[in-house]
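Dear colleague,

Please find the structure below, together with its sequence. My notes on what was found in it follow, and I would be glad if you read them with the coordinates open.

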Amino acid sequence: MGRSRGFTFKQFHINHDRCAMKVGTDGILLGAWAPVEQARRVLDIGSGSGLIALMLAQRSRSDCQIDGVELDSDAVIQARENVAASPWADRVAIIESAVQGYQADPYDLIVSNPPYFVAGQSFSDPARAMARHTGALDSHALLAACDRLLAPNGEVALVLPTAMADEILCISADYDLHGICYTAVITREGKEANRVLLRLGRGLNRCERGDIVIHSADGAYSDRYIQLTSPFYLKM
């Protein structure tokens with residue numbers, strides 16, 4: 001279904017007309033890629049419509065609790081409605097809060113498709129502009145929140161513009177977080193990557209580097225993208 005009516009996945013539906021940021025490839029990639037299988041407590045920072053939280057609920061163990069923190073009141077209301085209509089309403093909670101002031105027990109996994117602003121980009125919708133401007137949650141604030149809320153053996157999984165991912169890798173050691181996996185996202189074979197799927201963990205690690213191509217040269221979805229997202233898309 002289109003943006004005005006929401007987006008139907010195999011096991012749940014997302015309405016997003018009251019959310020600044022709509023369902024998109026970034027969130028779908030992170031929700032399908034993040035290492036949730038062994039986690040018992042998960043935090044989604046900037047949960048928006050609840051998309052990533054619900055994707056992780058579908059992929060996680062039955063005793064996994066997933067909390068989403070979201071600052072925008074309209075998005076919180078809609079995300080709660082999306083959760084209530086899903087099969088996992090008993091273990092997904094949406095909390096209205098800025099993550100900077102959010103307090104909770106440590107999480108095994110923290111995920112985020114954080115706000116960012118692309119130079120030269122403008123938005124007619126003030127809520128969309130706020131959701132996409134790094135002034136709301138810059139790299140240091142995001143890493144500080146992850147450091148404070150992450151369990152000792154936990155991991156952080158992010159989807160970011162390439163420049164922001166490189167910045168986070170440069171400063172993450174200041175927050176006792178280090179790169180585990182850096183996966184460049186190439187929208188079409190032959191193009192430069194403009195997004196990164198990034199995993200961080202405690203302690204020094206060897207950072208594995210690779211890439212994922214979404215579309216092959218002929219425009220078809222790549223085999224890897226299909227494998228990653230087929231549990232969610234209706235037509236895969």
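**Surface and overall make-up**

The chain has an accessible surface of about 11000 Å², and carbon and sulfur atoms contribute 49% of it. Please keep in mind that this is a predicted model. Its mean pLDDT is 90, with 89% of the residues reaching 70 or more, although over residues 117-123 the pLDDT is below 50, and that stretch has seven contacts in the model beyond near neighbours in sequence. Residues 130-135 likewise stay under 50 in pLDDT, and for these the model has 19 contacts beyond four places in sequence.

The chain contains seven helices and 10 strands, and of its 236 residues 50% are buried. Among contacts with a separation of 6 or more, 71% are between residues 24 or more positions apart.

**Helix α6**

Helix α6 spans residues 162-171, and its buried residues are M164, A165, I168 and I171. Seen down the axis of α6, these buried residues fall within an arc of 135°, so they line one face of the helix. This can be set beside the general rule that an α-helix has 3.6 residues a turn, so residues three or four places apart point the same way. On the other side of α6, A163 and C170 are exposed. The cover over the buried residues of α6 includes the helix α5 (139-149) and the strands β7 (150-161), β8 (178-188) and β9 (195-201).

**Aromatic rings**

A search of the whole structure gives eight aromatic pairs. In one of them, F9 and F12, the ring centres are 5.0 Å apart and the planes lie at 25°, which is under 30 degrees, so the pair is stacked. F9 and F12 are both buried. F12 also pairs with W88, here edge-to-face, at 5.8 Å centre to centre and with 75° between the planes. Because F12 lies in the loop between β1 (7-8) and β2 (13-14), while W88 lies in the loop between α3 (73-84) and β5 (92-96), this pair ties together parts that are 76 residues apart in sequence. The relative accessible area of F12 is 5%, so F12 is buried, and W88 is buried with a value of 9%. F12 and W88 belong to one aromatic cluster, which is formed by F7, F9, F12, W88, Y221, Y225 and Y233.

Two arginines are also placed over tyrosine rings: the charged end of R41 sits over the ring of Y107, 4.2 Å from its centre, and R209 lies over the face of Y182, at 4.2 Å from the ring centre.

Conventions
Residues numbered from 1 in each chain as written. Predicted model: local features only at pLDDT ≥ 70, side-chain atom pairs only at ≥ 80, totals over all residues. Heavy atoms only, no water. pLDDT = per-residue confidence, 0-100. Contact = heavy atoms within 4.5 Å. Buried < 20%, exposed > 50% of the residue type's maximum accessible area, 1.4 Å probe, protein only. Helix = DSSP H or I, 4+ residues; strand = E, 2+ residues; numbered from the N terminus. Arc of directions from axis to C-beta. Areas by Shrake-Rupley, 256 points an atom, 1.4 Å probe, with all protein chains shown as cover. Phe/Tyr/Trp six-rings, centres within 6.5 Å; stacked < 30°, edge-to-face > 60°. Lys NZ or Arg CZ within 6 Å of the ring centre and 35° of its normal.
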